[in-house]
Amino acid sequence: MTETIVVEYTGSYRATHRDSGNTIDTSDSAYGRRTYKDPLGPLCRVIRDEVGFSPDTLIHVERDGVPVFKRDHSLAYWADHDVVDEQTKVAKRIKYRAFDVPAASYHPIPLEALKGHHHHPNRGILDAGVTA
């Protein structure tokens with residue numbers, strides 16, 4: 001039988017897995033920056049990658065004890081997707097893409113040259129006048 005765990009929405013951009021003590025709040029600057037990303041995907045990645053639950057584990061999502069979704073989905077499903085609220089359109093589910101930064105030994109620009117500049121994974125250095 002497949003294990004089912006409960007994840008609770010405890011705010012508009014906060015989700016908690018009480019059994020492991022993990023909470024993700026995507027509206028908090030401690031998360032890195034304020035986003036309009038649903039916290040369920042990031043929390044499920046933590047539960048899978050750091051806590052060690054099987055990707056086959058079912059996730060039951062609740063808010064104040066009331067189920068949020070008609071059916072439970074696998075941890076793999078939620079961890080592999082993000083829901084983004086663009087504030088001007090309907091929220092949409094997208095495939096999760098990790099932010100990959102090239103290793104220092106493979107970066108064509110010396111790392112010292114990158115200090116103080118913003119890096120975009122698909123466009124290189126945005127404000128330095130050079131591209132990666």
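So, Thr16: setting aside neighbours within four places in sequence, Thr16 is in contact with Val6, Val7, Glu8, Thr10, Asn22, Thr23 and Leu43, where contact means heavy atoms within 4.5 Å. Before I go on, this is a predicted model, so local features need pLDDT of at least 70 and side-chain atom pairs count only at pLDDT 80 or more, while totals for chains, interfaces and linings use all residues. Numbering runs from 1 along each chain as its sequence is written, and side-chain values use heavy atoms, with hydrogens and water left out.

Back to Thr16. You'll find Thr16 in strand β2, residues 14-17; strands here are DSSP runs of E, at least two residues, and helices are runs of H or I, at least four, numbered from the N terminus. Is Thr16 buried or exposed? Thr16 is buried, at 7% relative accessible area. Buried means under 20%, exposed over 50%, and partly exposed in between, with a 1.4 Å probe and protein chains only. The side chain of Thr16 also makes a polar contact of 3.4 Å with that of Thr10. (That's a pair of N or O atoms within 3.5 Å; within protein, one must be able to donate a hydrogen and the other to accept it, and residues adjacent in sequence count only if both atoms are side-chain atoms.)

Okay, the core. The largest nonpolar core has 16 residues, and those with the most contacts inside it include Val7, Leu43 and Leu75. By nonpolar core I mean buried Ala, Val, Leu, Ile, Met, Phe, Trp, Tyr and Cys residues joined through side-chain atoms within 4.5 Å. At least two residues each come from β1 (4-11), α1 (40-51), β4 (58-63) and α2 (75-79), and α1 gives the most, with five.

Now charges. How many salt bridges does a search of the whole structure find? Five, each being a side-chain nitrogen of Lys or Arg within 4 Å of a carboxyl oxygen of Asp or Glu. One of them pairs Arg45 with Asp82, closest N and O atoms 2.9 Å apart. That pair links helix α1 to strand β7 (residues 81-84), 37 residues apart, and both Arg45 and Asp82 are buried.

Then there's Arg48, partly exposed at 22%. Arg48 meets Asp49 in a salt bridge at 2.7 Å, N to O, and Asp49 is exposed, at 52%. Arg48 also forms a salt bridge with Asp80, at 3.3 Å; this one joins helix α1 to the loop between α2 and β7, 32 residues apart. Put together, Arg48, Asp49 and Asp80 are linked in a network of salt bridges.
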